[in-house]
Amino acid sequence: MTLIQAKKEHALEELYKRYSPKMNLYFCRMFYGDYEKGKDFTHDLFLKVIEKASYFNTGMNFSTWLYTLASNMCKNEFKKERIRNDTSFPSQSSNFQEDYERQIDMQSFNEELYIALKEIDYEHKTAFLLRYGSELSIKEIACILDCPEGTVKSRLYYTIKYLSKKLTIYKQS
Amino acid sequence: MSMNHDLFNILPGLENLLRKKSFVELDQTELDSVLQYLSEDEYEELRTTLHTVEDCFRSEEKSIKPSIRLNPALTGALLTKDKKNNLLSQYPVLNILKKPIPAYQVVLLMTLFFIIVIFYRMEDKNFNQPVPVADNKFEEEKIVETDTGENSPPEAQHLTATAQKKSKKRHNYIGLKEKENNLPDMNIIEKENRKMVLNNIEITSFQKKGKNISAEPNLIKFLVTAN
């Protein structure tokens, strides 16, 4: 990141290589499986990294900073969406290539999961996706969402509880 | 059982247990603490949800393979920023624009502070202004010749004369009052001093005109207070 601040192109390339897949997935999940939107947002996120490179504190964890930027971008997007009142559900564009049957099962579960996540508020959804999607620690999530660790735990528990009531497909199978 | 409690905070290890152990695998201590809040079914329900979600995310990670090649637009953005920074290094004053909000807040606060200090200093100057020895200003004014009304009918002349008398009386009375009221803000002693000077002037002018002071209740009041 220090190299990015010094405008080194190869440093940006390295960061992009390391973090873009994770961020792409995070955005994709935040936007209920909309892969294309996830890609656009990843691009915008790295533009922000370039713009705000001078604000980055080198003593801080870069990944936490990146997720904070990403979460803020999602928050803004949800605010805009609420204004537009866009309730259309994006089509699943994930290109599963593994076992076909499993893919069908997972896809239907995925769809159910994203429908359920759409009904959850931004804070709960973000905490849940950061924990189980991006596998971040509670401490990191608290730092990203700027709230106490207890609040993160509480959000995680209530989201899991809500999903276990909501997702019925896996129970039938 | 009460699933409604915030169990991840009440039982700090619960999340870990849900991830790693099924209900039958729990040891006695774990079982005791879990059973305080959850039944076997509830525990298994939460565990299955957690596992299915994690499995789902893992398979999604495998299937989605985004390009890790750096977009040329990003490299372009980095180079453009480089140019902007060159401009900043040429004119270091522009660096203030790079500062985050607190810098502006500090500047604003300092400006506000200086404005307040200057305002109070001005007020103090006003307060410490010395009392002038004489507050009458004599200016020579050329009286413009006007129509005295000598040629007007006698009734009109009489009316004009009465009006002038009334106006003069009123002016004499109000003049003193107005002077008293229009005194600038100052401490009580200075105000009283000024009042005394004004009243003395008024008495002198009355005496010069050969008028009786007892006709003016305000001046009588002043004389009584002064004595």
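So, burial in chain B: of its 227 residues, 8% are buried. Keep in mind that this is a predicted model, so everything I quote comes from predicted coordinates. As for secondary structure, chain B has nine helices and zero strands, and if you walk from the N terminus you read α-α-α-α-α-α-α-α-α. On contacts, take the pairs in chain B that sit at least 6 apart in sequence: 45% of those join residues at least 24 apart.

Okay, over to chain A. Here we have 173 residues, and 33% of them count as buried. The element list for chain A is nine helices and zero strands, and along the sequence that gives α-α-α-α-α-α-α-α-α. For the contacts in chain A with a separation of 6 or more, 64% come from residues 24 or more positions apart.

Let me pick out a few helices in chain A. H3 of chain A covers residues 35-51, which is 17 residues. From first C-alpha to last, H3 of chain A reaches 24 Å, close to the 24 Å expected at 1.5 Å a residue. And which residues in H3(A) are buried? You've got A:Tyr35, A:Gly38, A:Phe41 and A:Thr42, then A:Leu45, A:Phe46, A:Val49 and A:Ile50.

Next, a helix pair. H7 of chain A is residues 138-145, H8 of chain A is residues 149-166, and they pack at an angle of about 105° with their axes 8 Å apart. Angles from 65 to 115 degrees count as roughly perpendicular, so H7(A) and H8(A) are roughly perpendicular to each other. Who's touching whom? On the H7(A) side it's A:Ile138, A:Lys139, A:Ile141, A:Ala142 and A:Leu145, and they meet A:Glu149, A:Val152 and A:Lys153 in H8(A). Sorted by class, that contact has five nonpolar residues, three charged and no polar ones.

While we're on H8 of chain A, have a look at A:Tyr158, which lies in that helix. Is A:Tyr158 buried or partly exposed? A residue needs 20 or more other C-beta atoms within 10 Å to be buried. A:Tyr158 has 18 C-beta neighbours inside 10 Å, so it counts as partly exposed. One more thing on A:Tyr158: go to A:His124, 34 residues away in sequence, and the C-alpha to C-alpha distance is 8.1 Å.

Note on methods: Residues numbered from 1 in each chain as written. Chains lettered and ligands numbered in written order. Predicted model: local features only at pLDDT ≥ 70, side-chain atom pairs only at ≥ 80, totals over all residues. Axes fitted to C-alpha atoms, helices over the stretch in contact; angles between N-to-C directions. Helix = DSSP H or I, 4+ residues; strand = E, 2+ residues; numbered from the N terminus. Parallel < 35°, antiparallel > 145°, perpendicular 65-115°, else oblique. Contact = placed C-beta atoms within 7 Å. Nonpolar A, V, L, I, M, F, W, Y, C, P; charged D, E, K, R; others polar. Buried ≥ 20, exposed ≤ 12 C-beta atoms within 10 Å, placed from the backbone. Expected span 1.5 Å × (residues − 1).
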